[in-house]
Every structure is written in structure tokens, then in C-alpha cells.
Amino acid sequence: MATPDITENIPLNVGNPGTSGFWSNNAEDYDVAVGGLPFFLAPTDQQPYQRETAPYRKDQFDNGTEPGEQSLTGWWIRSQSSFHVGSGIKFYDPSAGETTKYRFTDSQGVDVFTKGEVKLLKDVDSTHATNGAIVGTDHQHTNQHVRSIQWSSINGVLLHDEFDVEKISTAGTVTKFIDYTSGTDRKVFAICDDGVNAYWITNKTVGGNQRLTMFKKPLTGDSTTGSSNPSATGDVTQMFQSGDTEILYAAMEFIKDRIILCVNNKVFELATTATALPSAVYTNPNTNYHYTSVAASGPAIYTAGHSGIYSTIQKYTLTTAGAVPTLTQAVVAAEFPPGEIVEKLYYYLGYMMIGTSKGMRVSAINDQDGSLSYGPLILETSQPVYDFAARDRFIWCASGIGTLDAGLIRIDLSQNIENEPLRFAYANDLQVTQTATHYTTAVTFIGTTNRLAFCTAYETTTGAIYLESATVLRPTGYVTTGAIRYGTLEPKNFKLIRARGDFTNGAMDIFALDSSNNVYTIITYNAAVGTPEAATTNPEGPQEYLSYKFTLSRSATTTSQGPVFKGYQAKALPATARQRVIQFPVWCFDVETDRYNVKTGYEGRAWERIQLLEDIEKLGDIVNVQDFTTGERVQALIEKVNFSRKTPPSGQFDGFGGLLLITVRTVL
């Protein structure tokens with residue numbers, strides 16, 4: 001009123017709350033307040049007070065790489081029809097692209113590299129015990145080697161384990177090839193072959209001193225056709241003896257029609273008919289440096305070694321200074337981070353495989369000069385990668401599985417990880433369960449077959465050589481998916497899962513894994529059960545994410561047969577708290593009266609409140625909404641403000657004003 005009287009409040013409220021504040025009723029009795037602005041409710045049949053659940057799903061269309069991946073009927077869906085891009089991820093998220101879609105977290109005992117199929121791998125058989133193989137407390141040298149050979153049309157491997165060398169056939173038959181005696185003879189340090197003969201080096205005692213001695217023997221021989229002792233006759237040939245060199249460390253390979261021999265810190269180039277140790281091609285100036293591996297690419301030969309924690313790869317190019325190309329001097333081709341020791345070099349399909357004390361890297365090779373450019377660690381292992389074998393597009397790494405089990409890790413050179421040069425798909429492969437800390441020291445194929453062989457060693461006990469079975473599958477194996485969180489950290493209710501495959505020859509158990517790696521059994525698929533959709537009843541309640549573990553078991557009657565897993569689809573529903581949309585009509589006049597006939601207001605007050613409310617809406621911030629009629633207090637966003645100028649409903653209301661329709665969406 002122009003002239004206020006004693007029955008009215010003062011024109012301005014002292015301590016008026018901010019836009020996100022609260023309102024406290026004093027003399028007047030307001031019904032609601034929005035952002036600290038109080039109002040009287042004005043519900044009618046035409047404009048009622050309303051509350052409803054806010055929409056929580058957006059309309060979607062299916063633009064996924066696989067049909068059904070998008071939620072068209074309310075479900076959040078995650079499907080996977082192949083695992084061929086390998087292990088090594090923790091989470092699935094859409095932004096990671098196709099390479100993540102076909103990856104997983106972990107596997108054991110299964111072959112994942114056939115697109116659209118997961119099958120059990122072959123089992124392995126222990127055929128022969130091996131002896132001491134790990135040199136040094138830092139495990140930076142292995143004295144075990146296994147090589148693919150064929151003799152007299154027999155496929156097999158040549159195993160060197162310290163004092164002995166044996167030939168082992170595909171049937172597991174062991175034939176002694178060299179039979180040195182521990183405590184009497186000196187051990188074999190390195191061995192290689194040219195497809196016809198084997199060559200090895202050892203120390204020979206001469207005048208009380210140790211001298212490097214090299215021997216040669218046909219692969220068709222055995223320990224009965226000629227003694228391995230230096231003084232014997234028969235098919236063992238002592239090629240030469242060095243008068244001034246004692247072997248402490250050694251590595252050798254037959255490459256480019258010659259033997260490259262590394263002894264201590266020196267590199268030698270030998271013909272297979274050598275009768276004397278030639279001068280070193282290169283002598284590392286660091287007398288503590290010793291070599292661990294030799295390999296070759298098209299334009300160069302490489303050696304790898306280390307001194308303490310410092311490790312390098314050296315390159316030797318070829319010169320045609322005569323009828324037969326000879327090696328030039330060494331050039332450092334690659335250096336490695338301190339503490340990462342190069343154990344093995346292996347050239348295949350234009351790449352150099354590098355096994356180190358930390359894991360495995362791949363290097364690109366310059367076709368012109370043989371220079372190397374290595375990539376990041378493809379896999380990080382608990383033990384060094386000591387050896388490699390290759391067939392088709394695959395590389396097998398001798399490194400073990402986990403901290404106990406012996407075995408191999410396979411790399412697929414045809415599957416480059418997207419946007420990560422020189423990183424390739426990998427997964428655990430052949431495996432044998434162990435009970436003590438092991439070291440998988442060497443791997444090769446058994447002659448011309450597709451069966452693998454690998455050998456192991458331990459710190460305190462003997463190891464063994466294992467041959468891949470021709471027909472028998474592993475009893476069980478599993479693959480664990482990445483964590484499924486649908487690209488959001490909001491909780492979800494995981495409800496259903498269905499797998500596809502052929503389970504007539506074996507079975508598959510499905511488990512759920514929560515964020516704490518607790519394991520919950522869901523269902524077992526087999527010939528009798530089939531492949532029904534199963535409820536994910538555990539873990540109970542909403543989860544940020546879940547992983548699934550699929551464990552395959554071979555046939556109970558035929559060990560050569562097992563199930564085929566082809567993919568799965570998981571369904572979930574969002575578990576976020578539902579929001580409410582509240583619409584309430586309120587009066588907004590200059591002068592208003594509450595239910596107790598207490599007047600409040602002044603001229604121009606209605607317009608001020610409309611402007612304040614619109615300013616709050618303009619900010620788009622959260623405000624406090626109070627309903628004094630019910631006692632409800634929520635935080636909300638103002639979605640809509642609608643003002644209609646109307647005639648005051650009674651004499652208790654006066655001045656400019658009308659009806660406000662305020663629509664808010666709760667957020668907490």
C-alpha cells in the first residue's frame with residue numbers, strides 16, 4: 001500500500017536469502033519457496049499442482065558395429081562375438097573403438113585367435129627332467145636351450161640343459177646326444193645347429209687352466225656313436241681349442257651360413273669348418289659386458305648383451321670385400337632403460353622380437369641399413385622373456401603365466417592395437433600348473449610339426465621339458481571379460497546374460513565378478529541345459545561395473561573334444577535415482593494475504609519477484625525448493641517459468657500480478 005499500516009510487514013525483508021538460499025516463515029505463512037522466494041499456492045482444476053517421474057531414457061537408434069548393441073527396448077546391452085584382439089584391458093568403453101570391443105582382461109588354457117571362437121588349447125606332457133638353468137641372483141642368464149630338429153626323418157627337439165644334450169622325439173622318446181658328467185666335465189655354455197650338425201662350446205682343462213673348446217656332431221648321432229669327451233674318437237669332432245680364452249658367458253647362432261659366437265665380451269665369426277678360433281670381429285671395451293643373444297635380419301646381424309643394469313643391441317652390417325661377405329665393426333643400434341636387460345633377439349616377418357627382463361618388445365627394422373626402432377612393452381611379465389618361436393602370423397614367448405605356472409604367451413602380428421604402433425594382440429597360451437616359482441626358459445616347434453615344446457627351470461629344484469599333446473585338450477580354460485560399465489560411472493542393475501556356442505562336447509560355466517573380484521556362479525551350459533538366458537542374481541544391488549568369466553571344460557568321455565564359445569550378450573538397467581518433475585501454480589501479486597489474513601507486500605513487489613525468479617532460472621543452477629504444506633525440501637533445477645497476468649482473485653490480493661506456473665526437476 002502507498003501508506004503502510006501497522007497490520008502489514010515492512011516493505012523489504014531484512015536478510016533476504018540469496019538465489020539458492022532458504023526461506024523461513026515469520027509473521028506470514030507461505031506455502032512454497034523457490035531459491036528463497038516465497039509464494040502462496042494457487043491450485044485449480046485447470047492448473048493443478050502436479051508431480052511426475054522425469055524421463056530417464058533417451059530415444060535411441062541402433063548405429064552400433066554389431067546389431068542390437070544399442071538399447072532400443074529399455075535394456076542397456078553389451079555384446080561380444082569375438083576375442084581375437086587379445087588380453088590386456090580393464091574396462092570396455094565405447095570411446096575405445098573396435099580394438100577394445102574384441103579384447104578382454106585375462107585368459108588361460110584357451111585359444112582366442114580364431115575370430116568368433118574360443119576353444120580349449122592342447123594339453124602338455126612332461127617328458128624329461130632338466131637341470132640347472134638360471135645364472136645369477138637377478139636371473140639375467142639362462143643355460144637352457146631347445147632347438148627344432150629332424151634326424152633320420154624323425155621330428156623332435158635338441159635340448160641343452162647345462163651338462164647334457166638330449167634329442168627328444170614327438171613321441172617323447174629321449175636319446176642322449178652329449179653326456180657330460182657334472183663334477184668331472186665342464187658344462188656346455190651354448191649350442192646351435194645348421195640342420196645337419198650340432199655345434200657347442202665348453203671349457204676344457206689344459207694345464208690347470210680353462211680353455212674355450214668347440215665341438216661338432218651330426219644330428220643323427222647319439223652318445224653311443226662317439227664319446228663327447230675331447231680325447232675320444234667317433235662322430236664327435238673337436239673343431240678347435242683357444243689357448244687364452246675361458247668361457248664365463250656365451251651365446252651362438254648359425255645365421256647367414258656362418259656361426260656367430262659371442263664369448264664374454266667378444267664377438268667371433270666362424271665357418272662350420274673352422275679349426276681355430278679367429279680374431280674377434282668386435283671386442284666390447286667394457287670387460288664386464290657379456291652377450292646374451294644373436295640374431296640377423298636382411299641387411300645386418302645383431303648381438304645383445306649387458307653390463308650390470310645397462311643393456312644394448314649392437315648391429316653389424318655386411319661388407320663384400322671378398323667372395324664371401326664378412327662382418328663390419330659393431331654399432332649400437334638400440335639402448336634400453338636402466339634395469340631392462342635384453343635376453344633374446346628373434347627376427348621374423350620383418351620385425352625384431354626383443355625379449356627382456358621386463359617383458360617383450362617389437363622393433364621395426366630399416367630395410368636399407370638394418371637400424372632398429374623398438375616400441376613399448378607389449379606385455380610385462382613377472383620373469384624375463386628368454387626365447388621365441390614363430391609359425392604363420394604368431395610368435396610364442398617363453399615367459400610363463402602368472403607367478404607360478406610355466407607356459408607360453410602368444411602374440412598375433414596381424415593384429416596391431418589401434419593407434420599404438422608396434423603393439424600387437426597377445427594372450428596366454430600353452431600352460432602347465434606349477435607349485436613353485438618357475439622360469440620358462442626356451443621354446444621351439446617339434447621338428448616340422450605344428451606342436452610346440454618348452455622347457456622350465458627353478459631356483460632350487462629341477463625343471464622339465466614339455467611337449468604339446470597331439471590330440472588331448474586341457475581339462476579346463478577360461479576367458480575373463482573387461483569390466484562392463486556402459487561408458488558411465490552411474491550404478492546399473494545387471495539382470496541377464498546369454499552365451500552362444502556349441503556345448504555338446506563339454507560344458508561352460510558362467511560367473512560374474514564384481515569390483516572386489518568376488519566370484520558369483522550364474523549358470524552351467526552343457527548338452528542337456530542348452531544356452532538359455534540366465535538371471536544375474538548376484539552380486540545383489542546396483543553395481544558400477546561387472547565382469548564375466550567363462551570357464552570351458554572338455555568332454556568327460558573324449559579328451560580330444562571340447563566346447564566352442566562364440567560370444568555373449570549381457571543386459572542391464574540404469575540404477576540411478578529417479579528425478580521428479582514438479583509443477584506448482586502460485587500467486588504473484590504486489591499485496592497478498594496468507595490463510596491467517598496476514599497481509600504482506602508493497603507496490604511493485606510482484607514485478608520484482610518475477611524478475612528475481614527469471615534471473616535464477618537464467619543461471620541454470622540448482623536451487624532449494626521448499627514445500628511448507630508437506631515439509632518437503634529438495635534441490636532442483638528450474639525447467640520452466642510461465643506468468644499469466646490476471647485479476648486479483650479477491651480483495652485480499654491487490655496491485656499488479658497474476659498466476660505463476662513454476663516447473664522444477666529434482667536433482668538430489
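**Entry 1: a pair of strands**

I began at V267, which stands opposite Y282 in β23.

Residues are numbered from 1 along each chain as its sequence is written, and side-chain values use heavy atoms, with hydrogens and water left out.

I looked up the confidence next. pLDDT is the predictor's confidence in each residue, from 0 to 100. The chain averages a pLDDT of 86, and 88% of the residues score at least 70. Where does pLDDT stay under 50? One stretch is residues 1-19, for which the model has 22 contacts beyond four places in sequence. Another is residues 59-68, with 19 such contacts. A contact means heavy atoms within 4.5 Å. I keep a reminder here: where pLDDT is low, the predicted coordinates should not be read in detail.

**Entry 2: the chain as a whole**

I noted 2 helices and 53 strands in the chain. Of the 668 residues, 52% are buried; buried means under 20% relative accessible area, exposed over 50%, and partly exposed in between (1.4 Å probe, protein chains only). I also looked at the contacts with a separation of 6 or more, and residues 24 or more positions apart account for 59% of them.

**Entry 3: another sheet**

I found an open sheet of 4 strands in the order β9-β40-β39-β38, again with antiparallel pairing. Its edge strands are β9 (122-130) and β38 (438-445), and each pairs on one side only. Neighbouring strands of this sheet are turned by 25° against each other on average, direction ignored. For that angle, axes are lines fitted to C-alpha atoms (for helices over the stretch in contact), and angles run from 0 to 180 degrees between N-to-C directions. Between β9 and β40 (residues 463-473) I noted 7 bridges, and these two strands run antiparallel. A129 stands opposite A464 in β40.

**Entry 4: aromatic rings**

How many aromatic pairs does the structure hold? There are 29. Rings of Phe, Tyr and Trp (its six-membered ring) pair if their centres lie within 6.5 Å; planes under 30 degrees apart count as stacked, over 60 as edge-to-face and the rest as tilted.

The rings of W587 and F589 have centres 6.0 Å apart and planes at 45°, so I wrote this pair down as tilted. W587 counts as buried at 17% relative accessibility, and F589 is buried at 0%. F589 also pairs with F653: the centres are 5.8 Å apart and the planes stand at 65°, so this pair is edge-to-face. Because F589 lies in strand β49 (residues 580-593) and F653 in the loop between β52 (632-645) and β53 (654-666), the pair ties together parts that are 64 residues apart in sequence. Both F589 and F653 are buried.

I also noted one aromatic cluster formed by F83, F104, Y548, F550, F565 and Y568.

**Entry 5: charges over rings**

R410 lies over the face of F394, at 4.6 Å from the ring centre. The charged end of R485 sits over the ring of F91, 3.8 Å from its centre. The rule I used asks for NZ of Lys or CZ of Arg within 6 Å of the ring centre and within 35 degrees of the ring normal.

**Entry 6: backbone notes**

Most residues other than glycine have a negative phi, and most peptide bonds are trans. Which bond is cis? A cis peptide bond joins N538 and P539, with omega about 0°. P539 is found in the loop between β46 (534-535) and β47 (547-553).

I then looked up positive phi values. S153 has a phi near 65° and is found in the loop between β12 (144-151) and β13 (154-161). S153 counts as exposed, at 69% relative accessibility. D392 has a phi near 60° and lies in the loop between β34 (387-391) and β35 (394-398). D392 is exposed, with a relative accessible area of 53%.

Conventions:
This is a predicted model: local features need pLDDT of at least 70, side-chain atom pairs count only at pLDDT 80 or more; totals for chains, interfaces and linings use all residues. Two strands pair if DSSP finds at least two bridges between them.
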